[in-house]
Amino acid sequence: MTQKKKLSKKNHIVLSLLVSILGIFSAKVPVQAAETVILKYSILRESVSVEELSQLAETGEASRSLRSYLKLANKEPEELRALLNNNVDVDPVFLSKALNSFAGGIVLDPIGEVIHTPSKRANRESLRGALVTSALSDKNIRLIEIFENYPTEEIHVDGDRLAEIYQNIEGFVSKVPRLPF
């Protein structure tokens, strides 16, 4: 064996070992997901856990604090539950391509005014990640899944405009197959 081949084989083994070690460590690093939603209705703001919203979406039961807040905001838990569970069917691969296109930015920006990071930075990236991740498991998107998959610890949400967001997502997704990629 030549000196060059020996070095190449050693480099390949070392590289393989490094990739394996990185894979082991990255598998143990938890992915950050939203824990808290700062839900705003009119002039009212309340911190609600994503877990509370998931429970409402799943069972229809609102925690005492969420019920109290919704009452102050003159909203019914059933109304919020319906919004959280509205379903949009979508192919995750097409969705990813569409959201990474120019048209995707046009859709993500207005959604980012309603659902956004605390600093209002990286809204497009955060929303894109949450939308695509939501679609991956079951080829549909629900608002509660966006909250559960949002990549920051805290999300700010304008509750008065949630229905508008659902309509934006649904309208965009219905046009996805016609977009040129």
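**Helix packing, core and selected residues of the predicted model**

The side chain of Asp89 forms a polar contact with the side chain of Asn87, at 3.3 Å. The model in which this contact is found is a predicted one, and Asp89 itself belongs to strand β3, which covers residues 87–89. With a relative accessibility of 56%, Asp89 counts as exposed, because exposed residues are those over 50%. When residues up to four places away in sequence are set aside, Asp89 touches Lys139, Asn140 and Val173. Of these, Lys139 is 50 residues apart from Asp89 in sequence, yet the two C-alpha atoms are 5.9 Å apart in space. Lys139 is placed in the loop between α7 and β5 (140–142), and its phi is near 60°, a positive value in a residue other than glycine.

The chain as a whole contains nine helices and six strands. Of its 181 residues, 38% are buried. Among the contacts with a separation of 6 or more, 68% are accounted for by residues 24 or more positions apart.

Several pairs of helices pack against one another, and two packed helices are described by the angle between their axes and the distance between the axes. Helix α6 (residues 102–114) and helix α9 (residues 162–175) pack at an angle of about 170°, their axes lying 9 Å apart. The angle is over 145 degrees, and therefore α6 is roughly antiparallel to α9. On the α6 side the contact is made by Ala103, Gly104, Val107, Pro110, Ile111 and Val114, while α9 contributes Leu162, Ile165, Asn168, Ile169 and Phe172. Sorted by class, the residues of this contact are nine nonpolar and two polar, with no charged residues.

The buried residues of α6 are Gly104, Gly105, Val107, Leu108, Ile111, Gly112 and Val114. What covers these buried residues includes, besides α9, the helices α5 (92–99) and α7 (123–138) as well as the strands β4 (115–116) and β6.

Helices α5 and α7 also pack against each other, at an angle of about 170° and with their axes 9 Å apart. This angle makes α5 roughly antiparallel to α7. The residues that make the contact are Pro92, Leu95, Ser96 and Leu99 of α5, together with Arg128, Leu131, Val132, Ala135 and Leu136 of α7. By class, they divide into seven nonpolar, one polar and one charged.

A further arrangement is found for helix α2 (residues 50–59) and helix α4 (residues 77–85), whose axes come within 9 Å and cross at roughly 90°. Since the range from 65 to 115 degrees counts as roughly perpendicular, α2 is described as roughly perpendicular to α4. Leu53, Leu56, Ala57, Glu58 and Thr59 of α2 make this contact with Pro77, Leu80, Arg81, Leu84 and Asn85 of α4. The contact of α2 with α4 has six nonpolar, two polar and two charged residues.

The largest nonpolar core has 46 residues, of which Leu53, Leu80, Leu84, Leu95, Ile115, Phe147 and Leu162 touch the most other members. Helix α9 supplies the largest share of this core, namely six residues. For Phe147, the contacts beyond its neighbours within four places in sequence are with Ala34, Val37, Val50, Leu53, Leu84, Ile115, Ile155, Val157 and Leu162.

Two loop residues complete the description. Thr152 lies in the loop that runs between α8 (143–149) and β6 (154–158). Its relative accessibility is 18%, and Thr152 therefore counts as buried, the limit being under 20%. The side chain of Thr152 reaches the backbone oxygen of Glu154 at a distance of 2.8 Å. Ala122, by comparison, has its place in the loop between β4 and α7, and is partly exposed, with a relative accessible area of 43%. The phi of Ala122 is near 60°, a positive value in a residue other than glycine.

Methods. Residues numbered from 1 in each chain as written. Predicted model: local features only at pLDDT ≥ 70, side-chain atom pairs only at ≥ 80, totals over all residues. Heavy atoms only, no water. Helix = DSSP H or I, 4+ residues; strand = E, 2+ residues; numbered from the N terminus. Buried < 20%, exposed > 50% of the residue type's maximum accessible area, 1.4 Å probe, protein only. Polar contact = N/O pair within 3.5 Å; in protein donor to acceptor, adjacent residues only side chain to side chain. Axes fitted to C-alpha atoms, helices over the stretch in contact; angles between N-to-C directions. Parallel < 35°, antiparallel > 145°, perpendicular 65-115°, else oblique. Contact = heavy atoms within 4.5 Å. Nonpolar A, V, L, I, M, F, W, Y, C, P; charged D, E, K, R; others polar. Core = buried A, V, L, I, M, F, W, Y, C linked by side-chain atoms within 4.5 Å.
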